[in-house]
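Here is a short note to read beside the model. Keep the sequence and the 3D view open, and find each residue as you go.

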Amino acid sequence: MNQFQQARNQVIQHIENACQSVERDPATVHLLAVSKTHPHQSLREMYQLGQHCFGENYLQEALDKMEALKDLDIEWHFIGHVQRNKTKHLAEKFDWVHGVDRLVIAERLSNQRLDTQVPLNICIQVNIDAQDSKDGCEPHEVAELVAQISQLARIRLRGLMVIPAPDHLQAFTDAKQLFDEVKTQHARPQDWDTLSMGMSGDLEAAIAAGATIVRIGTALFGARDYSK
Ligand SMILES: *Cc1c(COP(=O)(O)O)cnc(C)c1O
């Protein structure tokens with residue numbers, strides 16, 4: 001068994017254990033492989049092990065990998081900071097965008113998504129634990145954003161995304177509570193099915209609180225090298 005296969009099996013086992021301890025069906029938790037800084041060859045290897053969803057943070061890096069991997073049927077998630085002037089590529093090239101925190105961004109994504117494509121899946125990013133330096137809207141803004149964004153034609157509003165501070169596990173429970181509260185504001189509540197939270201170091205607590213997508217980088221690919 002190679003290194004990636006071993007790492008992926010371990011992560012899947014970890015997810016299954018976390019589900020078992022809170023009596024959740026493991027099929028309700030999706031593993032998103034976070035591949036930023038890793039070369040396209042590594043994604044191809046992971047793909048061949050059955051990993052078909054990948055998360056990227058940097059647009060140009062992601063576009064280069066898409067080109068190199070265009071023969072594969074990958075579901076691409078953008079999990080980085082969304083810049084207003086980059087929405088066109090996000091709208092056209094990705095299947096999901098997790099970091100939407102303003103109405104204007106969602107409107108641009110909706111307008112720029114092509115008619116020939118299925119609606120773009122998005123999550124609203126919430127600054128759930130009031131971090132100074134973080135992206136994301138404030139929790140009290142979420143209900144109105146759900147009401148507005150869920151009306152957009154080319155958008156499928158799926159849920160919330162949070163990145164709490166390390167060891168701030170209470171934030172996952174807070175996110176789940178907010179997720180449940182604002183569902184009633186959604187124009188199509190049946191679409192509201194996603195809580196994107198949990199990374200390599202805290203996936204257990206995220207799953208216990210109700211995560212449906214865990215975003216895992218280091219535990220799958222090893223440590224990142226930002227020097228290149
Ligand atoms: C990099 C990143 C991850 C993966 O973090 P690991 O600790 O390597 O698992 C998850 N979510 C977001 C938003 C990230 O930027």
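1. **Helix H5.** Start with helix H5 (residues 103-112), where Ile105, Ala106, Leu109 and Ser110 are buried. Buried means under 20% relative accessible area; exposed means over 50%, and partly exposed lies in between (1.4 Å probe, protein chains only). Helices (H or I, at least four residues) and strands (E, at least two) are DSSP runs, numbered from the N terminus. Look down the axis of H5: its buried residues fall within an arc of 135°, so they line one face of the helix. That arc is taken over the directions from the helix axis to the C-beta atoms.

2. **How the model is read.** This is a predicted model: local features need pLDDT of at least 70, side-chain atom pairs count only at pLDDT 80 or more, and totals for chains, interfaces and linings use all residues. Residues are numbered from 1 along each chain as its sequence is written, and side-chain values use heavy atoms, with hydrogens and water left out.

3. **What covers H5.** Which elements cover the buried residues of H5? Among them are helix H4 (87-93), strand E4 (96-100), strand E5 (120-125), helix H6 (142-149) and strand E6 (155-161). Contact here means heavy atoms within 4.5 Å.

4. **Helix H7.** Helix H7 (residues 170-182) has 13 residues. From first C-alpha to last it reaches 19 Å, close to the 18 Å expected at 1.5 Å a residue. The expected span is 1.5 Å times one less than the number of residues. Buried in H7 are Ala171, Phe172, Ala175, Leu178, Phe179 and Val182. They line one face of the helix, because they fall within an arc of 125° seen down the axis of H7. These buried residues pack against H6, E6, strand E7 (194-196) and helix H8 (203-209).

5. A salt bridge is a side-chain nitrogen of Lys or Arg within 4 Å of a carboxyl oxygen of Asp or Glu. By this rule the count is 11. Lys65 and Glu61 form one, at 2.6 Å, N to O. They sit 4 residues apart in helix H3 (residues 59-68), about one helical turn. Lys65 is buried, at 4% relative accessible area, whereas Glu61 is partly exposed, at 21%.

6. Arg188 is partly exposed, at 29%; Asp191 is buried, at 8%. Elsewhere, salt bridges with shared partners join Glu56, Glu61 and Lys65 into one network.
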